[in-house]
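Let us walk through a protein model together.

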Amino acid sequence: MATVTERIAPPQVRQTSCFIGGKWIPAVSGKTFETIHPATEEVICEVAEGDKEDVDLAVEAAREAFDTGPWSKIDARDRGHFLNRLADLIEEESEELAALETLDNGKPIGDARAADIPLVIDCLRYYAGWADKIHGKTIPIRGDYFCYTRREPVGVVGQIIPWNFPALMAAWKWGPALAAGCTIVMKPAEQTPLSCLRMARLAQKAGIPDGVINVVPGYGPTAGAAIVKHPGVDKVAFTGELATAKIIQRDAAETMKRLTFELGGKSPNIVFADADLEAAVEGAHFGLYFNQGQCCCAGSRVFVEEPIYDEFIHRLAAKNSQRRLGDPFDPATEQGPQIDQAQFDKILKYVEYGKEDGAECLTGGKRFGDQGFFVEPTLFAGVTDDMRIAQDEIFGPVMSTLKFSGMDEIVSRANNTNFGLAAAVWSRDVGKAHHLASKVRAGTVWVNCYDVFDAAAPFGGFKQSGLGRELGEAGLEAYTENKTVTMAIG
Ligand code: ADP
């Protein structure tokens with residue numbers, strides 16, 4: 001990507017309709033909804049508001065593509081070619097896509113360029129490589145039989161994604177689904193439909209047959225619920241809030257859909273006194289404030305061992321005071337706005353809870369500027385386990401720091417949450433780090449690093465942070481059914 005140091009111009013929006021069966025069409029109802037730029041609160045454009053009728057059409061197209069269309073007959077390796085071609089087209093347009101992400105989500109253009117879009121491309125290429133490596137087994141059962149398994153695509157998959165990494169969440173879902181041979185009905189988040197629609201256009205340009213990818217923008221309780229309840233959908237993959245996942249689980253029970261969920265977290269980031277202090281401060285800062293704190297795996301409970309606690313929070317506060325907030329189209333900006341008014345209000349409410357519960361607010365705690373949903377990087381000291389800011393997912397730039405003494409207490413305190421998405425440990429003692437990594441009930445544990453993602457490494461939650469895994473081989477398997485074939489040969 002080109003290195004641009006001046007404020008870049010917002011991109012042109014090109015796709016705002018539903019994408020169904022290879023056609024760009026308005027919602028059946030004719031309704032539209034606004035999507036806004038969170039840094040200015042200005043309307044970007046109107047987008048088709050899909051609902052049940054649009055989902056019905058999309059499922060019909062996806063069903064046909066899966067059951068009888070060209071996709072059902074295509075060789076596995078050619079599915080990989082399509083994924084690679086899509087990745088290439090996204091790479092060619094990466095600057096425009098990054099800008100679209102910044103426009104719709106408000107994230108700093110530097111992050112969109114350095115993280116979101118390169119990870120999208122990497123994920124699609126990673127799964128392109130899997131397409132022709134989905135193997136069954138031969139199984140030595142008793143008797144004169146030839147028994148083998150086939151891994152077959154699960155079918156039509158409904159994919160419902162959030163607004164925090166709009167393009168990347170689409171890639172995490174399209175990559176394994178297409179590699180496995182599934183067809184897709186995707187609903188992007190109502191806050192951020194634009195990059196997903198752009199990617200659908202590029203998928204079409206890449207030659208992916210009509211009906212294989214369908215995108216229905218719209219709201220959760222209408223378009224989203226229609227996908228979950230539709231009998232023609234075989235699986236739902238969802239990323240979002242725990243409360244929404246519980247509704248989806250209930251709605252999906254009627255048709256016994258396969259489900260994968262990637263939900264929230266209250267991830268412990270544990271710093272021992274023997275850690276490389278500067279690296280740990282950096283890791284704690286990045287682990288929480290990256291993406292405006294809007295990461296499901298954000299290290300929002302920072303446990304610091306007692307001897308270094310005061311020094312640690314002092315350094316964290318100093319770092320916060322240097323963080324550059326502002327126009328997300330300025331490449332020097334490190335922190336943009338929160339996604340919308342509702343999230344902004346929720347975050348500031350939690351700041352009040354923190355103060356009410358007796359924590360000390362060392363930095364931030366208020367709005368930045370007078371336009372857009374900006375919240376200053378907020379740091380709480382003296383947080384205890386029972387405070388609301390230590391229990392609930394805030395999904396914003398609010399860090400709770402907690403003091404701990406030694407290994408015995410930290411394991412149970414780290415696990416004192418219904419979530420279990422991620423954790424991190426900072427220590428120079430390898431044994432201590434591995435011990436903690438084995439004891440923490442979380443799907444991902446980072447040691448002396450944070451937010452290291454790779455398409456090859458599975459990601460997902462223990463406990464109420466999720467169901468199943470995304471990425472890696474595990475993520476692919478979640479898009480397949482295991483079929484056993486037994487043939488008499490005697
Ligand atoms: P977030 O806080 O990230 O917006 P949500 O769980 O509310 O988390 O939203 C994630 C995705 O789930 C969005 O695309 C949203 O529209 C969708 N969604 C919300 N409610 C439902 C529902 N009842 N059924 C299906 N999808 C839903």
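Start with two elements. The helix α2 (76-92) and the strand β6 (145-153) each give at least two residues to the lining of the second largest pocket. Keep in mind that this is a predicted model. The second largest pocket holds about 310 Å³ of space. Its lining has 15 residues, and those nearest its centre are Arg79, Arg150, Arg151, Glu152 and Pro153. Which element gives the largest share of this lining? It is β6, with 4 residues. Sorted by class, the lining of the second largest pocket has 8 nonpolar, 3 polar and 4 charged residues.

Now move to the largest pocket. Its volume is about 680 Å³. There are 33 residues in its lining, and Phe238, Thr239, Gly240, Glu241 and Thr244 are the closest to its centre. The largest share comes from α7, which supplies 5 residues. By class, the lining of the largest pocket divides into 16 nonpolar, 9 polar and 8 charged residues.

Rolling a probe the size of a water molecule over the atoms shows where empty space is left. How many cavities of 30 Å³ or more does a search of the whole structure find? It finds 6. The largest cavity has a volume of about 80 Å³. It is lined by 13 residues, and the closest to its centre are Ala298, Ser300, Glu393, Ile394 and Phe395. Of the residues in this lining, 7 are nonpolar, 4 are polar and 2 are charged.

Next come the aromatic rings. The count of aromatic pairs is 18. Take the pair of phenylalanine 33 and tyrosine 219. Their ring centres are 5.3 Å apart and their planes meet at 50°, so the pair is tilted. Tilted pairs fall between two cut-offs: planes under 30 degrees apart count as stacked, and planes over 60 count as edge-to-face. Where do the two partners lie? Phenylalanine 33 is in strand β3 (residues 32-37), while tyrosine 219 is in the loop between β9 (213-215) and α7. The pair therefore ties together parts that are 186 residues apart in sequence.

The cut-off for buried is under 20%. Tyrosine 219 has 31% relative accessibility and therefore counts as partly exposed.

Rings can also join into a group. Ring pairs link Trp172, Trp446, Tyr450, Phe453 and Phe459 into a cluster. Charged residues can meet rings too. Lysine 235 lies over the face of tyrosine 479, at 4.4 Å from the ring centre. Arginine 388 has its charged end over the ring of tyrosine 353, 3.9 Å from the centre of that ring.

Now follow one residue to its neighbours. Proline 458 sits in the loop between β18 (444-447) and β19 (466-467). Its relative accessible area is 42%, so proline 458 is partly exposed. Leaving out residues up to four places away in sequence, proline 458 touches Thr444, Arg469, Glu470, Leu471, Gly472 and Ala474. Consider glycine 472 from that list. Proline 458 and glycine 472 are 14 residues apart in sequence, yet 4.8 Å apart in space, C-alpha to C-alpha.

With 11% relative accessibility, threonine 444 counts as buried. Its contacts, again without residues up to four places away in sequence, are Leu421, Ala422, Ala423, Pro458, Phe459 and Gly460.

Finish with a residue from another part of the sequence. Glutamate 53 is in helix α1 (residues 52-67). Its relative accessible area of 44% makes glutamate 53 partly exposed. Glutamate 53 and proline 193 are 140 residues apart in sequence, and their C-alpha atoms are 19 Å apart in space.

Key:
Residues are numbered from 1 along each chain as its sequence is written. This is a predicted model: local features need pLDDT of at least 70, side-chain atom pairs count only at pLDDT 80 or more; totals for chains, interfaces and linings use all residues. Side-chain values use heavy atoms; hydrogens and water are left out. On a 1 Å grid over the protein atoms alone, a cavity is a set of points where a 1.4 Å probe fits but cannot get out, and a pocket is an open set with protein on both sides within 12 Å along at least five of seven lines; lining residues have an atom within 4 Å of a point. Grid points are joined across faces, edges and corners, and a volume is the space filled by probe spheres set on the points. Ala, Val, Leu, Ile, Met, Phe, Trp, Tyr, Cys and Pro count as nonpolar, Asp, Glu, Lys and Arg as charged, and the others, Gly among them, as polar. Rings of Phe, Tyr and Trp (its six-membered ring) pair if their centres lie within 6.5 Å; planes under 30 degrees apart count as stacked, over 60 as edge-to-face and the rest as tilted. Buried means under 20% relative accessible area, exposed over 50%, partly exposed in between (1.4 Å probe, protein chains only). A charge sits over a ring if NZ of Lys or CZ of Arg is within 6 Å of the ring centre and within 35 degrees of the ring normal. Contact means heavy atoms within 4.5 Å.
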